[in-house]
Amino acid sequence: MNAPPKTARQPDRVAKARAPDFQGLGLNFVGLVAGIAVWWVLTASGAVGLPPPPDVARKFVDLVANGQLATDIVSSLARVLSGFLIGVILAIPVGFVMGWYKVARSLIEPYLQFFRMIPPLAIIPLAIVTMGIDETPKIFVIFLASFLASVVATYQGVISVDRTMINAARVLGAKDLTIFLRIVIPASTPFILVGVRIGLGSAWATLVAAELIAAQTGLGYRMQQAQLYYDLPTIFVSLIAIGILGLAMDRLLLAIERRLTVWQERA
Amino acid sequence: MQQKIVFKNVTRRFDLRDNTFVALDRFSLDVADGEFITVVGPSGCGKSTALNIAAGLLAPSDGEVLVDGHTVDGPGPERGMIFQQYALFPWLTVRENVEFGLRVKGEPAARRREKASYFIDLVGLGDFADALPKTLSGGMKQRCAIARAYAVDPSVLLMDEPFGALDALTRVQMQDQLLETWSRERRTVMFITHDVDEAVYLANRVIVMAARPGRLKEIITVDLPYPRTEEIRLSTEFTAIRNRVWHAVYHQ
Ligand SMILES: Nc1ncnc2c1ncn2[C@@H]1O[C@H](COP(=O)(O)OP(=O)(O)OP(=O)(O)O)[C@@H](O)[C@H]1O
Ligand SMILES: [Mg+2]
């Protein structure tokens, strides 16, 4: 635990959001503009064989207009979210059981450690052979990626709950069920949320790669097709979309995490 | 006065890899109802072990502890405990922390609130009832922990170096406030400390323990009146008792 501060601040139940850092945001923006400028100069001068920003922007407008970008985004997001949600919803109870019961931990842990070492993508050939080429194998690998990350975080969270806190609850009369519901769950929430965020990151990465290998829609598939026709602007649009969507989902989870853990002492 | 806590030949061994370690060896002690005893001794002499056994968080290898004549075999609502690391629940406000034990007991909301408010005011945290622990100083956290322990109305308070992490000034203020609270809400207190001054200032009797194996060494009665004041702290009687305790602890 951190050293207690010498003076107490005013009571605040929910910490006030920090004022936005305008200088930092301004610099972010400057960096972004400078990057695009460099890209433009390099491509316009023919120094690198990549499409210049206007080509990419034009392609972006086309893909929005004919609805292809929206279709791709929707199918990619649908896959990632269904796999991710199933993964997290299963991982949390399994993680709790592993953290709470030593027997369960010993039974499950070897599998977990083993599958963690296999990149989810390496499961794709097996998944396609056993599950066919429709949505199931893709959702399955995404499920696996997010499940593994979240389950490890959850049970790490449970086993690292401070013993003294559990003892404090016991001397106040709490029995196992109360301790589990009122101490173990809230105390391990920060760990779980970190795991969930890592899980989402790896789910997203896995999804795009899976679509490159086997899909008929989605951002990964679009890039794979564009590659066949040497259509670099489409590849750029897809890459930028992948980055922005990943960032947006991560920020959303971060905001949720911050909200649920305002009580944590932060350095 | 009747006996509140009785340690009867309590022994606790820990199994190590190649031998067993005796942390507490045939420890016997009677604590009277409403008495304030402090326990001092070198590090590793079994102070926490004895306290945890009385709390029911640790089982004795031999012997037993009786509270109100009943053998201790687990934590119970009549025994409250206060830890050095405060052990507040950081996701709960001060009020919710203090209400925790009452909620476990199943007390109705209105009663919980009323009791919690009383004890929060008693320890001087009235303005911070809705604050989260992270916004409190160390002394305030410990006062919250004291209010939380008091709220379930235990007749025994077990305190394991509760002021150990506080600076000297806060520590003295906490001692005075603890005695003040104790004089208004009389409980039997067993209080572990490393600080000889603190041990003498607070106690009816100081229990001195020795290490290897952990055991009772000497009991020194503090014949000074309550309320204890700054004057008492500076008196020659206080100094004399302090020196006796000091000698008992450090010349073993
Ligand atoms: N779970 C355990 N396993 C093995 N040995 C233990 C365990 N708990 C305590 N001990 C040993 O028992 C002895 C007494 O421990 P205890 O915590 O009661 O000491 P203490 O008097 O409270 O010391 P301190 O003043 O440092 O807190 C120590 O030597 C410690 O190493
Ligand atoms: Mg100790």
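1. What share of the accessible surface of chain B belongs to carbon and sulfur atoms? In this predicted model, the accessible surface of chain B comes to about 10,500 Å², and carbon and sulfur atoms account for 48% of that area.

2. Turning to the overall form of chain B, one finds eight helices and 10 strands. Its radius of gyration is 18 Å, close to the 18 Å that the globule rule gives for 252 residues, so chain B is as compact as a globular protein of that length. Along the principal axes, the C-alpha atoms of chain B fill a box of roughly 50 × 45 × 35 Å.

3. Of the 252 residues in chain B, 57% are buried. When contacts in chain B between residues at least 6 apart in sequence are considered, 70% of them join residues at least 24 apart.

4. The largest nonpolar core holds 128 residues, and those touching the most other members are Ile183(A), Phe7(B), Val65(B), Phe89(B), Val206(B) and Val245(B). Helix α8 of chain A, which covers residues 176–213, gives the most to this core, with 12 residues. Apart from this core lies another, of 15 residues, which includes Met98(A), Ile123(A), Ile124(A) and Leu148(A).

5. Phe7(B) deserves a separate look. Leaving aside residues up to four places away in sequence, Phe7(B) touches Phe27(B), Ser28(B), Leu29(B), Ala50(B), Ala54(B), Glu64(B), Val65(B) and Met190(B). One of these partners, Val65(B), is itself listed among the core residues that touch the most other members.

Notes. Residues numbered from 1 in each chain as written. Chains lettered and ligands numbered in written order. Predicted model: local features only at pLDDT ≥ 70, side-chain atom pairs only at ≥ 80, totals over all residues. Heavy atoms only, no water. Core = buried A, V, L, I, M, F, W, Y, C linked by side-chain atoms within 4.5 Å. Buried < 20%, exposed > 50% of the residue type's maximum accessible area, 1.4 Å probe, protein only. Helix = DSSP H or I, 4+ residues; strand = E, 2+ residues; numbered from the N terminus. Contact = heavy atoms within 4.5 Å. Rg over C-alpha atoms; globule rule 2.2 N^0.38 Å. Areas by Shrake-Rupley, 256 points an atom, 1.4 Å probe, with all protein chains shown as cover.
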